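Open the model in your viewer and keep the selection tool at hand.

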Amino acid sequence: MWAENSVFYQIYPLGITGAPRDNDGVTVNRLGKIADWLPHIKKLGANAIYFSPVFESDTHGYDTRDYRKIDCRLGTNADFRALVDACHEAGIKVIVDGVFNHVGRNFFAFRDVREKRWESPYRDWFHVNFDGNSAYNDGFWYEGWEGHYELVKLNLRNPAVRDYLVDTIKYWIDEFDIDGLRLDVAYSLEPDFIRQLRWFSDNCGREFFLLGETLHGDYNRWVGNGLLHSCTNYECYKGLWSALNSYNLFEIVHSLKRQFGPEPWTLYKGKHLYCFADNHDVSRAASILVNKDHLPLDYGILFGMPGIPQIYYGSEWGVEGDKRGGDWGLRPAIDKPEWNELTDKIAAMAKAHKESKALCYGDFGDLVLTNKQTVFRRTCDGETVLVAVNIDGSPFFARFNWGEKAVDLLTGEEKSVAGGIELPPYSVMYLKIV
């Protein structure tokens, strides 16, 4: 699967383009602005883009009105096809948000239920009780996703609903030429629907990537043969920033050993989970990390550990955003990309990751671990890369026995690793054994 050796770049289109927060019904091609970012994204080293919601919605994109129409605040269907074509010409794959657990109150089928009630042919598309009432005084009760009644939960046990959504994906492939989906709240989707999506993915005539949004629990429930190709690794997202803030690298290494270590009970060996330092739902890494010297180290561990790494737009040069200020503060309008020392480092990490079979596919084993330093090993088909990290402000000599010479994939420098190596303060190295 192409995604396994990719670096993803996440864009929240309604945010980055500065679109109105409420749908004003005015069609404006704001997607052209995103096309201007493609040289930056390519230079950064990302070769895949995940677009958060792009389809017609009431407000933030996850309250869908029309699955088959690009949100007018972003442009037209033709505008989005032009953007996807430009991405493909630049060698960049594209996946979009598939928001299939719920819809907005203005989705055509739910509007029909509101108007016709029992007489609506779509009444079984939702979880409805005509003996109750809703928070919107509709005269009937319906299930909203996790108590959010602006998000009307679809009845995914209804074959008509599932068939409509699969037909929608076919339409997206034909109309926009997308390469995959990120499934919103995949942890809430019906297992049979996930299996139906995987069957479709395996038989649609292209390598079609299925990524699921999952939080915690056993990711094997959603990822594997007949299921999704990957899911969001929130366990290691939390482990990353928490380990850095508490100066306790045991936390993140424990998670990595639990997920990918050499022991027979390892949970996800051979799987490629989707890894990130931040995204549109959580505080930016530049805001949540207490010590700003740790910011490049956060990405250093991210690109060195097993999984598919993602960069969230703007975070590559240190954009801040605190979840406590609301979701829109995490999804700002940005006129044009910037580039600084942090961006240089992340670009080098992205290049190393894509070009190293060990970093894309390798196993995991820890060689050195203290509260403030770690050296772990990634090996695949005879290639070994040691990921060495020092989160302390003082140098540290990491003692290990694994080879004599290495090349740092981030700098190209040759280094002696006989008996170990000295780690400078606040440093990360990807040491390919030669």
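Start with strand 10 (residues 148-153), which gives three residues, the largest share, to the lining of the largest pocket. Before going further, note that this is a predicted model, where local features need pLDDT of at least 70 and side-chain atom pairs count only at pLDDT 80 or more, while totals for chains, interfaces and linings use all residues. Residues are numbered from 1 along each chain as its sequence is written, and side-chain values use heavy atoms, with hydrogens and water left out.

Helices (H or I, at least four residues) and strands (E, at least two) are DSSP runs numbered from the N terminus. On a 1 Å grid over the protein atoms alone, a cavity is a set of points where a 1.4 Å probe fits but cannot get out; a pocket is an open set with protein on both sides within 12 Å along at least five of seven lines; and lining residues have an atom within 4 Å of a point. Grid points are joined across faces, edges and corners, and a volume is the space filled by probe spheres set on the points.

**The largest pocket**

The volume here is about 480 Å³. Select Tyr62, Trp145, Asp281, Asp327 and Arg331: of the 23 lining residues, these are the closest to the pocket centre. By class, the lining has nine nonpolar, five polar and nine charged residues (Ala, Val, Leu, Ile, Met, Phe, Trp, Tyr, Cys and Pro count as nonpolar, Asp, Glu, Lys and Arg as charged, and the others, Gly among them, as polar).

**The second largest pocket**

Next, move to a space of about 250 Å³, the second largest pocket. Its lining has 16 residues, and Lys345, Asp408, Leu410, Thr411 and Val428 are the closest to the centre. Colour helix 11 (295-304), helix 12 (341-355) and strand 23 (427-433), the elements that each give two or more residues to this lining. The lining divides into 10 nonpolar, two polar and four charged residues.

**Helix 11 and helix 12**

Keep those two helices selected. Helix 11 and helix 12 pack at an angle of about 10°, with their axes 10 Å apart (axes are lines fitted to C-alpha atoms, for helices over the stretch in contact, and angles run from 0 to 180 degrees between N-to-C directions). The two are therefore roughly parallel to each other (angles under 35 degrees count as roughly parallel, over 145 as roughly antiparallel, 65 to 115 as roughly perpendicular and the rest as oblique). Show the side of helix 11 with Leu295, Pro296, Tyr299, Gly300 and Phe303, which make the contact with Leu342, Lys345, Ile346, Met349, Ala350 and His353 of helix 12 (contact means heavy atoms within 4.5 Å). Lys345 is also one of the residues closest to the centre of the second largest pocket.

**Helix 6 and helix 7**

Now select helix 6 (residues 159-176) and helix 7 (residues 191-202), whose axes come within 11 Å and cross at roughly 30°. That makes helix 6 roughly parallel to helix 7.

**Helix 8 and helix 9**

How do helix 8 (residues 234-245) and helix 9 (residues 250-260) pack? The angle is about 155°, with the axes 7 Å apart. That makes helix 8 roughly antiparallel to helix 9. Including Leu240 and Ala243 of helix 8 and Ile252 and Leu256 of helix 9, the contact has five nonpolar, four polar and four charged residues.

**The cavities**

The largest cavity has a volume of about 70 Å³; select its lining, including Gln10, Tyr50, Arg182, Glu213 and His280. The second largest cavity holds about 50 Å³. Strand 4 (64-70) and strand 5 (93-98) each supply at least two residues of its lining, and Trp172 is one of the lining residues too.
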